[in-house]
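Colleague: I would like to learn how to read a model of this kind, one feature at a time. Please give the general idea before each case.

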Amino acid sequence: MLVSKSVPPILVTTLDEVVKVVNYIKSNALRSRIFSTFCEAMDSDYKNVLFHTEVRWLSKGKVLNRFISMKNEIMAFIDNEEINFPFMMSDVWWLRVSFLGDIFDKLNSLNLNLQGAQENIITISTKLKAFKEKLSLWNLNIAKENFASFPMVQENPSKSIIKKEVEETLTLLSASFDKYFPYLDVEKMEWVVNPFMHCEIQHLEEEMQENLIDLKSDLVFKRLFTEKELSEFWLCLNSKFPKLSNAAIESLLPFGSSYLCEQGFSTLTEMKSKKRERLQMIDEEMRVCLSQFDVVAQANAWNVRDKASFLAAALRGPAVEVLQMIPEQLCLDFNALINALESRYGEEHYQQPYVVKFKNRLQDKK
């Protein structure tokens, strides 16, 4: 979504045209099967193009990469179908598609690097800072007509034609990153990431500075640091260095992404799916997910309305249906959402059908 707002209009049009071609092939079941057979006859590495969807944030990059990989097959199929897509006859158009494929690939890679249970606001900030610096480097290289950072564009001998479009895209993208991800001074948090390295600690209280010195000199804790996850390590120090431990945990607690919230509800919907081999009560699992959500809410100082908004946004799959169980005016009522979730996924929801069956059997016996 960020990239879609950060590219020149001509590249937005190009992306829409790619989606148009993909939709032409995939929107008709018979045509899609014919295309697959066509690809098999051409001994292609792939049997079909990927369907684009706005919901999945990795979609555009994957669609573009597959589209470029299947250029010959798509061109031959379109020619055989006698459908008129005049833009596909342009080498410049394909050059723009290649650039979009390269830039989306880099952003997808960044998105994946920002996900994970062990990611925190410090690691995320450093990765975003590194990507911003890469954008500046790429812009300098493009000014010298060095396209090495964009491999698919680099292969095209006419790459200099889209030089201005590439520069404009990188400039707009850099401005968007500055807007959506403002600078966070993480240098003062280096001691949290690695307390055994030389880092700035003058801003800390004197007691905490002394604790850090003691910590650096302790070989047992140094070994523990290599064996534990970062958050676990600081929790282990709570008994000996409570003030230092609490300050570190407060720095690690804020979430830079909604990964853990989405993961919790994805797990919930997976347990609720038909893939289960036997009946499993998920009331306890749901309460664990909600407890984790409460920790996140407290760390970010969310009010009740904020909690309701983020909880509703974190729901995935069948869990989204709970929003239809409550009146529209209560959709931002946190307690109403919790009650709807308990009604749908709680223990009573699973017991009720079996209670009814049991009663029916008793009646049949009578």
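Colleague: Is Glu 165 buried or exposed?

Modeller: Residues are sorted by relative accessible area: buried means under 20%, exposed means over 50%, and partly exposed lies in between, with a 1.4 Å probe and protein chains only. The areas come from the Shrake-Rupley method with that 1.4 Å probe, and for residues only the protein chains shown count as cover. Glu 165 has a relative accessible area of 17%, so it is buried. This is a predicted model, in which local features need pLDDT of at least 70, side-chain atom pairs count only at pLDDT 80 or more, and totals for chains, interfaces and linings use all residues. Residues are numbered from 1 along each chain as its sequence is written, and side-chain values use heavy atoms, leaving out hydrogens and water.

Colleague: Which side chain does Glu 165 meet in a salt bridge?

Modeller: A salt bridge is a side-chain nitrogen of Lys or Arg within 4 Å of a carboxyl oxygen of Asp or Glu. Here the partner of Glu 165 is Arg 96, at 3.0 Å from N to O. The two residues link distant parts of the chain, with Glu 165 in helix α8 (residues 163–180) and Arg 96 in helix α5 (residues 91–113), 69 residues apart. Helices are DSSP runs of H or I with at least four residues, strands are runs of E with at least two, and both are numbered from the N terminus. Arg 96 is at 17% relative accessibility, so it counts as buried.

Colleague: How many salt bridges does the structure hold?

Modeller: There are eight salt bridges. One of them joins Lys 127 to Glu 119, with the closest N and O atoms 2.8 Å apart. Lys 127 counts as partly exposed because its relative accessibility is 27%. For Glu 119 the value is 21%, so Glu 119 counts as partly exposed too.

Colleague: Where do Asp 218 and Lys 240 lie?

Modeller: Asp 218 forms a salt bridge with Lys 240, the closest N and O atoms being 3.7 Å apart. The pair links distant parts of the chain: Asp 218 is in the loop between α10 (206–216) and α11 (219–227), whereas Lys 240 is in the loop between α12 (230–236) and α13 (242–252), 22 residues apart. Asp 218 is at 18% relative accessibility, so it counts as buried. Lys 240, at 48%, is therefore counted as partly exposed.

Colleague: Which residues gather in a patch of negative charge on the surface?

Modeller: Patches are made of residues with over 30% relative accessible area and no salt bridge; like charges are joined within 9 Å, and nonpolar side chains (Val, Leu, Ile, Met, Phe, Trp, Tyr) within 5 Å. Lys and Arg count as positive and Asp and Glu as negative, while His and the chain ends are not counted. A charge is placed at NZ of Lys, CZ of Arg, CG of Asp or CD of Glu. In this model the negative patch on the surface consists of Asp 185, Glu 187, Glu 190 and Glu 200. Glu 190 is in helix α9 (residues 190–193). Its relative accessible area is 30%, so Glu 190 is partly exposed.

Colleague: What is phi of Asp 43?

Modeller: Most residues other than glycine have a negative phi. Asp 43 has a positive phi, near 60 degrees. The residue sits in the loop between α2 (29–41) and α3 (59–69), and Asp 43 counts as exposed because its relative accessibility is 69%. Glu 145 likewise has a positive phi near 60 degrees. Glu 145 lies in the loop between α6 (121–143) and α7, and is partly exposed at 45%.

Colleague: In the protein, where is confidence lowest, and where is it highest?

Modeller: The scale is pLDDT, the predictor's confidence in each residue, from 0 to 100. The mean for the protein is 79, and 78% of its residues reach 70 or more. Confidence is lowest in helix α18 (residues 347–365), with a mean of 51, and highest in helix α7 (residues 151–154), at 92.
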